[in-house]
Amino acid sequence: MLAACGLESAEELFAHLPDDVRLKQPLALAPGISEYEIVDYFQARATENASQYASFLGAGVYAHYRPVMVDTVVSRGEFLTSYTPYQAEISQGTLTTIFEFQTMICQLTGMEVANASMYDGSTAVPEAALMAARVTGRNRVLVARTVHPEYREVLGTYARYGRMSIEEFGYVADSGVLDLEELARGIDGQTAAVIIQSPNFFGIVENVKAAAAIAHKHGALLVMIFTEAVSLGILEPPADADIVAGELQSFAISPSYGGPYAGIIATKEKFIRQMPGRLVGETLDSRGNRAFCLTLATREQHIRREKATSNICTNQALIALMATVFMSVYGKEGLRELAEQNLAKAHYLSGKVKPRFSGPFFNEFVAATNGRAPDEINRALLKRKIIGGLPLARWYPELENCVLLCATEMTRREHMDEVGQAFLPVPQAA
Amino acid sequence: MIKKVRPHITQNESLLFERSSPGKKGYQLPALDVPDIDPAAVLGAANVRAEIEGFPEVSEVEIIRHFTRLSTWNYAIDLGLYPLGSCTMKYNPRVNELVARLDGLAWAHPYQPESLAQGAMEIMARLEAALADITGMDAITLQPAAGAHGELTGILLIRALLEKRGNPRKRVLIPDSAHGTNPATAAIAGYAVENIRSNDRGMVDLAELERIVDKDVAALMVTNPNTLGVFEGNIRSIADILHKKGALLYMDGANMNALVGIARPGEFGVDVMHLNLHKTFSTPHGGGGPGGGPVAVKKILEPFLPLPRLKRLRNRWTFDYNRPRSIGRVRAYYGNFGVIVRALAYVLAHGGNGLRNATVDAVLNANYIRKKLEPFYDLPYKAPNMHEVVFSDERQAKLGVRTGDIAKRLIDYGFHPYTVSFPLIVHGALMIEPTETEGKRELDLFADALISIAREIETDPEIVRTAPHSTRTSRVDEVAAARRPVLRWKPDNSSAKAAD
Amino acid sequence: MTYPENFRYTKEHEWVRAEGDVGVVGITHHAQEELGDIVYVDLPKIGAQIEQGKSLGSVESVKAVSDIYSPVSGEIVAVNENLGSSPEKLNQDPHGAAWLVKIRMSAPDQWKSLLSAADYQAYVGAES
């Protein structure tokens, strides 16, 4: 091959580079290792992480069972190692599954159109806010404090430079639901969007209808976020929302220390052209057969460049495929039954550990620790190989002696009983 | 004569919703070990949905067949070469899939106690160190989820630094050969985009740059090698011109596959850059993601990096949130950890020398393709190319055949098309990047296919203009898809049936 | 292609014809040919104020977007509703049924700065 290129050595390939940019010494990296040593390395790292612990953590990342079929399907080379489906003729596999995905998200959320995925739930929030700004021509956003704290941080980062102003509104102290009165006082004719989460960060189901009514009265859009996708199996879909954005990690996506996950944005048809992300549409091929293709690409960066609805290019296609397989496995009845099991487990736990708020909750709730430090209870639980609830002080100083507890279909009764024991007040010394 | 492809028996398959019927199940949940509960009683009746209308009900075997059949309609790296320019479609090692699925890593919750996450943190720290070495930069963030996300992070870092100096400035300069994510990113970061024309060799015009860089310019976003696969030989002068006026140099690292082990951006004047783990570092494309877009910076930008940052404290890893100058978070949690694991496995497998060898092979392969195709396709820019090469369809366009048609005919030869019509500075571009994965045999088949097509255009252009002919799906009507978008299945859809 | 004599044209391939003090605006045959199959037209709202040479909307094909630059200044008094459901009309009848907007002209002597049919014909002849 070198001969074909008219070269004598491979080094000549780089002869045209200026001498002062050439690396003169080898990289500091250790030499390459064998496959078996690679596996060893990562297995050692895996054992340095929690192993065989029961966990009561939720807070945006949920422990749900992953049907074996999910990995069977996504491990097929034709899905795993394929490219973005720009060439429709040889990507109908990917395109068809995305079309099914878009459909199922609409069915779950009550929206009319859904995109092919965003990076995750947290980045879907600023994308939804920017979309609302484009639709309304306004630049104020009101966001509930009960939206996931890290999601709000991401919104803040994007908004600072997207020339949007973000203001927060709070929750009602005893019930844990949105303070609708505070929202009604804060909203005005410059508000592009009201952003709420349901179930909220405290696990509580919100009155989406009422929030939407306030938003619409002032010509603002209602953006509803969800972080626990399984809740859609039982909860009334947020049909009053204008944009639904959320996280699909619960649908057979490994927690994997924070990513990769898959976000979505779903909305009404009238807002389609302001929507970010890829869209797959149905059409015909030249022989008259049904076929799918990427469409409405003029919204996207590769055509509109600086006027694009978003800069997103690579998204989360394979992760969305995991969710698609999950949704087919559970199906209409299964997703409901799964949600009901989650509800039952969390409510059993709430019989052992009293919820701090009175609002209706799905599979997580906030519990006060009765004067003891949350860390103390969690340390005791760790000794029994149980990871306890998430202490809330770092984001909600007013809840400094509270934790967020989550129970899913995988949570066992005996572990919930142990958590209940750990929360009992310690008998006073005589 | 088409040597590579043979007719493939593909299955018919309809949509999940068309196979669905009530009562079919693919799941089985365990019996509850706690009392059952009435949803309406605990949630309030108004909060409980009736049913998920239209949601599929299919059996396990139907699910497996459905997705297996659909998968056979896809092309993939596992089937053959992808010559896509700037996409670096290299082989996706399978050991990476295994290690990413190890329980201790796959089930790790981002909020589990740090004492129980040391393994995950060590992996992230190790990749940070490797990327710093490879790029010659001082600090890395693994937070961004993809290249475009990394670009945004990088530009926000620049903005934060300039704000601290008193003036964020107004414009970002972008070459007309740049990828669309570059201007889209600059706009989101609140900058006006100014295009800078490439010179007649397809590179950044130094005189032009000197003329337009002023105190209102925050940065130049450059891809190096550029989208023609050509190294910007003047890169140090480019950096000097910018730095003299207080502006910064951002490098889009999409083409890093030409530089690993050969040159380090940190040593030729780059202040901040992003990398694409799903390109240079072999993590799978998966039909469109996930990816990973780490950002590498020089010391001056380190204080502004997204928080939290990994820190070593008393012999353990911890996340440091005490970073007052940070731009904040660009996503929740720490990064696409699963992709990070795969990228690290790739780096460990190759080691320093292996990575350099991969670069050498990638550049050799692209040059080999160039030599074989030069007699048949116009090469508008004659500078030495690195890991990719860009031809133009000028010669073929005279006979009425464009790059898009040639790309479609390539499918009949058993290959995925190259990148069509990009970069925009080339008339009817054919942008080809073979990567180091391909051996001479596959490269010869590919080059021979394009040569054969060039000959077909002279004798029978129609067969190229109406390609592909051998696929299950022929050219799709993109116009109808855009004029009357149908973006979901509905029960009363009266569209044509799937092909019989 | 014979370009109508009573129209005036711009170098960005828009046309305008007068109905009293209202200018009816569209894109030329040359423009729709260059764009290929048109899939969508983005038009302003009635009442919007527009300046000569500024973008009043855009036309999209599958792979490209082109701004439409207003040949005259004034206020939008009518928008062609038919193009929403049938953007293909813009390919079929760009000088007639597929007009885009009607503008009540605020500076009628802008008319003189526009190209005549003969000038435009020469311009596109030279371009191709």
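Start by selecting residues 494-500 of chain B, where pLDDT stays under 50 and the model has 13 contacts beyond four places in sequence. This is a predicted model, and where pLDDT is low, the coordinates should not be read in detail.

Now zoom out to the rest of chain B. Its mean pLDDT is 94, with 98% of its residues at 70 or more. For the model as a whole, the scores are ipTM 0.96 and pTM 0.95.

**Chain B: a pair of helices**

Select 403-412 for α13(B) and 440-459 for α14(B). Their axes lie 10 Å apart and the packing angle is about 125 degrees. Angles of 65 to 115 degrees count as roughly perpendicular and those over 145 as roughly antiparallel, so α13(B) is oblique to α14(B). Turn the view to look through one helix onto the other: α13(B) passes α14(B) in a right-handed crossing.

Next, show side chains. On the α13(B) side, pick Ile406(B), Arg409(B) and Leu410(B). Across from them, in α14(B), are Phe446(B), Ala449(B), Leu450(B), Ile453(B), Glu456(B) and Ile457(B).

**Chain B: a three-stranded sheet**

Stay in chain B and select 389-392 and 419-420, which are the edge strands β10(B) and β11(B), each pairing on one side only. The open sheet runs β10-β12-β11, with antiparallel pairing.

**Chain C: a six-stranded sheet**

Switch to chain C, which averages a pLDDT of 92, with 98% of the residues scoring at least 70. Which strands make up the sheet here, and in what order? Read across it as β1-β2-β3-β9-β8-β5, an open sheet of 6 strands with antiparallel pairing. Highlight 8-9 and 49-50: these are β1(C) and β5(C), at the edges, and each has a single partner strand, so one side of each is left without a neighbour in the sheet.

The partner to look at beside β5(C) is β8(C), residues 74-79, paired in the antiparallel sense over 2 bridges. Click Gln49(C) and then Glu75(C), its bridge partner in β8(C).

Finish by colouring chain C by confidence. Among its elements, β8(C) has the highest mean pLDDT, 96, while helix α3(C), residues 117-127, has the lowest, 87.

Key. Residues numbered from 1 in each chain as written. Chains lettered and ligands numbered in written order. Predicted model: local features only at pLDDT ≥ 70, side-chain atom pairs only at ≥ 80, totals over all residues. Heavy atoms only, no water. pLDDT = per-residue confidence, 0-100. Contact = heavy atoms within 4.5 Å. Pairing = 2+ DSSP bridges. Helix = DSSP H or I, 4+ residues; strand = E, 2+ residues; numbered from the N terminus. Axes fitted to C-alpha atoms, helices over the stretch in contact; angles between N-to-C directions. Parallel < 35°, antiparallel > 145°, perpendicular 65-115°, else oblique. Left-handed = near helix turned anticlockwise from the far one by under 90°.
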